[in-house]
Amino acid sequence: MTDKIARSAVLAILGEREADATICPSEVARRIASHRKNGWRAAMPRVHEAVDHLAAHEWVALSWKGKSLSERRGPYRISRGQGYITPEN
């Protein structure tokens, strides 16, 4: 699995939801590691790296319990950022 796959999965899942929806990073990991039982846990570091990249470019925004996060730490949710782009772009 590559970072590009994880980044694309984040953007794709966000694109499937309402514009103001948030997603859990584990949803992304489950999607990209669906072929292996409990493989999603092993995929989490790759998802975190992808989220860091996307957040640095403002393609996604991070929050926890409705409060904006400036960086990924602890539990967090992912939403569309100011620079959100669809995976096709």
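Me: Which residues does Trp 64 touch, not counting residues up to four places away in sequence?

Reply: In this predicted model, Trp 64 touches Leu 69, Pro 75, Tyr 76 and Arg 77, with residues up to four places away in sequence left out of the count.

Me: How far apart are Trp 64 and Ala 21 in space?

Reply: The C-alpha atoms of Trp 64 and Ala 21 are 13 Å apart, and the two residues are separated by 43 residues in sequence.

Me: Which residues does Val 28 touch, not counting residues up to four places away in sequence?

Reply: Leaving out residues up to four places away in sequence, Val 28 touches Ala 6, Ala 9, Val 10, Ile 13, Ile 23 and Val 47.

Me: What is the angle at which H1 and H3 pack?

Reply: H1 and H3 pack at about 70°, and their axes are 8 Å apart. The two helices are therefore roughly perpendicular, a class that covers angles of 65 to 115 degrees. Their crossing is right-handed.

Me: Which residues make that contact?

Reply: On the H1 side, the contact is made by Asp 3, Ala 6, Arg 7, Val 10 and Leu 11. On the H3 side, the residues are Arg 46, Val 47, Glu 49, Ala 50, Val 51, His 53 and Leu 54. The residues of this contact comprise seven nonpolar, one polar and four charged.

Me: And H2 with H3: at what angle do their axes cross?

Reply: The axes of H2 and H3 cross at roughly 115° and come within 8 Å. The crossing of H2 and H3 is right-handed. From H2, Pro 25, Ser 26, Val 28, Ala 29, Arg 30 and Ile 32 meet Trp 40, Ala 43, Met 44 and Val 47 of H3. This contact divides into eight nonpolar residues, one polar and one charged.

Me: Is Ser 26 buried or exposed?

Reply: Ser 26 is buried, because its relative accessible area of 12% falls under the 20% cut-off. Ser 26 is placed in helix H2 and touches Trp 40 and Met 44, not counting residues up to four places away in sequence.

Me: What about Ala 43, buried or exposed?

Reply: Ala 43, in helix H3, counts as buried at 0% relative accessibility. Its C-alpha atom is separated by 6.6 Å from that of Ala 33, ten residues apart along the chain.

Me: On the backbone, what is the phi of Glu 58, and what is the phi of Lys 65?

Reply: Phi of Glu 58 is near 60°, and phi of Lys 65 is near 55°. Each is a positive value in a residue other than glycine. Most residues other than glycine have a negative phi.

Me: Where do these two residues lie?

Reply: Glu 58 lies in the loop between H3 and E1 and is partly exposed, at a relative accessible area of 45%. Lys 65 is in the loop between E1 and strand E2 (67-69) and is exposed, at 69%.

Note on methods: Residues are numbered from 1 along each chain as its sequence is written. This is a predicted model: local features need pLDDT of at least 70, side-chain atom pairs count only at pLDDT 80 or more; totals for chains, interfaces and linings use all residues. Side-chain values use heavy atoms; hydrogens and water are left out. Contact means heavy atoms within 4.5 Å. Axes are lines fitted to C-alpha atoms, for helices over the stretch in contact, and angles run from 0 to 180 degrees between N-to-C directions. Helices (H or I, at least four residues) and strands (E, at least two) are DSSP runs, numbered from the N terminus. Angles under 35 degrees count as roughly parallel, over 145 as roughly antiparallel, 65 to 115 as roughly perpendicular and the rest as oblique. A crossing is left-handed if the near helix is turned anticlockwise from the far one by less than a right angle, and right-handed if clockwise. Ala, Val, Leu, Ile, Met, Phe, Trp, Tyr, Cys and Pro count as nonpolar, Asp, Glu, Lys and Arg as charged, and the others, Gly among them, as polar. Buried means under 20% relative accessible area, exposed over 50%, partly exposed in between (1.4 Å probe, protein chains only).
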